[in-house]
Structures are given as C-alpha cells and as structure tokens.
Amino acid sequence: MRLRGKLTAALLGLALIPLAVTTAVVVRVTTRSLESASRDYRVATADYARFLVRNLLEDVESELTTIGAALADTGDSAERQRRARAHLLGSKHVHRVAVYDATGAHVFTIRAKSADARIPRLKRIPPGVAAVARKEGLAPLATQGDAKTGYALPVVTPVFSGKDKKLYAYLWAPVPMAALDPALRELSKRRFGQQENRVFVVDHELRIVAHAHSEAKGGSISARGLLGDVPAGQAPRQNIAYAAEYTHAGEALLGILVPMGQALGWSVVVEQR
C-alpha cells in the first residue's frame, strides 16, 4: 500500500473512533432515559392506585358519618336505630357496624343480612385508637382475614352530637378489601396493555391483600427485594418509591413499591416486564 493509502486508512480509522464513542454514549444516555421514564410511569400509576385507596376510605368515612348522625339524632332510640339501619342497608361498602359509647364500651351491633361476621369486632375501643379517630376522623386498624375468606380493613370513627360537637359514640366497621379489586384491575389493564395483574396492594407484612387475581391474595412479596436494605419488620419511609428488578413466576420484572402512610401501613406495588 502506498504511503498516501496508509495515511488515508489511518485517518478514516481515527475519524470512526469518536463516532463509535459518541454512539455508545448516546445509547447509554438513551437507555437511562428510557429506564427513568419507565420508573416514572410506574410511580404515576402507583400514585393513582393510592388515590383509589384514599377514595375508598373517604367513601367509608362518609357512610359511617351518615349512620352515626342518625344514631346521635334526637328522638326515640328505637327510631334512631331504625334510621341508622336503613342507612346501613343503603351503604356501598359498610355492611356491619358495632356501636360503642363515649368510654369505648360496646353497646350494640347492626348489620345487613349479607354482612360477613368472620372479622371479630373489638371488645372495646382502645384509648390510643380512640385518640387517633378523634384527631383524624378515621382510625384504620390492622388488616384481618386470609386468602380464602378475603381480607378486610377494620376502621373506627367517632360520632359527635349537638352544636358543641360533644363526643357521642364510636363506630367500628370492617371494610372488605375486595372493593378495590375491580378498580385495580381496570387501572392495570388501562396502563399496561390489558394486563390486569400489574397493580396491587400489600399490607405492612408485604402480604398481598388487594389484587385482580384472587389466587394471588395472601402471597408475600418480601422475597422480591423491593424494600432493599430496609430491615425486616421496619416500616418503609414515606414519600419514597422503592424499585427493584427481579424474576417472579418466570418473568423478569421491574417493580415499584410506594407506601400509603404510617397509619394505614399499606403500600401499592406496580410491576411489569
């Protein structure tokens, strides 16, 4: 090869090196951008799922407030209970209510015929729960139930009466978690191409309590490593989205876990290939 040919080949080689480097850098940057966008999309989906949970709890609080107002109204006691029961029968989420006096002692229980009695009521309202209920309006307790019979979230709310808002009673009610399943299914299908099992709710033990597929309920996600270095039994930090890549049931997944709040103890999980 002549000297000019050798120089030309050398110069072309040198010209291709920056192009290769630039291409590699662009690919890495593009990949990171896509990964970031993918995580952001899952976090946004989780935030909407949290809205669905909050919306459910607000509906429950509204139903209990209506029932409590009927009980605290003036007039004959039997008539007040009749009106409270009528409101209970018309409720979408609340089908069983235990009534406690202002000291926390149980007085009586009203229920619809369809009410599930497998979740045991509180014998009395603990002072700590009563304080949270008075401050927040609704005090969620630990999720109860199992995968076979379904899960429920017991809640306690205060009842006030008169213009001076004097404490009249407390109401306890179990909220069926199955009420969330259709909304989670539709959210998952809408966000992830008709895949209906990509968004679900876990409790403080990382046990699945709301899911589009009933057979998934009760399963633990602790082995998926979503909480990273958070010690077992310690609640995840709030306002943080935890992410991890893992394989489950033969699928390579990117999962996001977003806590719902210390009082509730739940988290929303979004995962996809």
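**Cores and sheet**

Biologist: Which residues touch the most other members of the largest nonpolar core?
Modeller: L64, I67, V97 and W266, out of 43 residues in that core. A nonpolar core is a set of buried Ala, Val, Leu, Ile, Met, Phe, Trp, Tyr and Cys residues joined through side-chain atoms within 4.5 Å. Buried means under 20% relative accessible area (1.4 Å probe, protein chains only).

Biologist: Which helix gives the largest share of this core?
Modeller: Helix α1, residues 3–72, with twelve residues. Helices are DSSP runs of H or I, at least four residues; strands are runs of E, at least two.

Biologist: How far can I trust this?
Modeller: The model is predicted: local features need pLDDT of at least 70, side-chain atom pairs need 80 or more, and totals for chains, interfaces and linings use all residues. Numbering starts from 1 along each chain as its sequence is written, and side-chain values use heavy atoms, without hydrogens and water.

Biologist: New topic. In what order do the five strands of the open sheet run?
Modeller: β8-β7-β11-β10-β9, with antiparallel pairing. Two strands pair if DSSP finds at least two bridges between them.

Biologist: Which are the edge strands?
Modeller: β8 (208–210) and β9 (242–248); each pairs on one side only.

Biologist: And how many bridges link β10 and β11?
Modeller: Six, in the antiparallel sense. There, L254 stands opposite Q272 in β11.

Technical notes:
Buried < 20%, exposed > 50% of the residue type's maximum accessible area, 1.4 Å probe, protein only.
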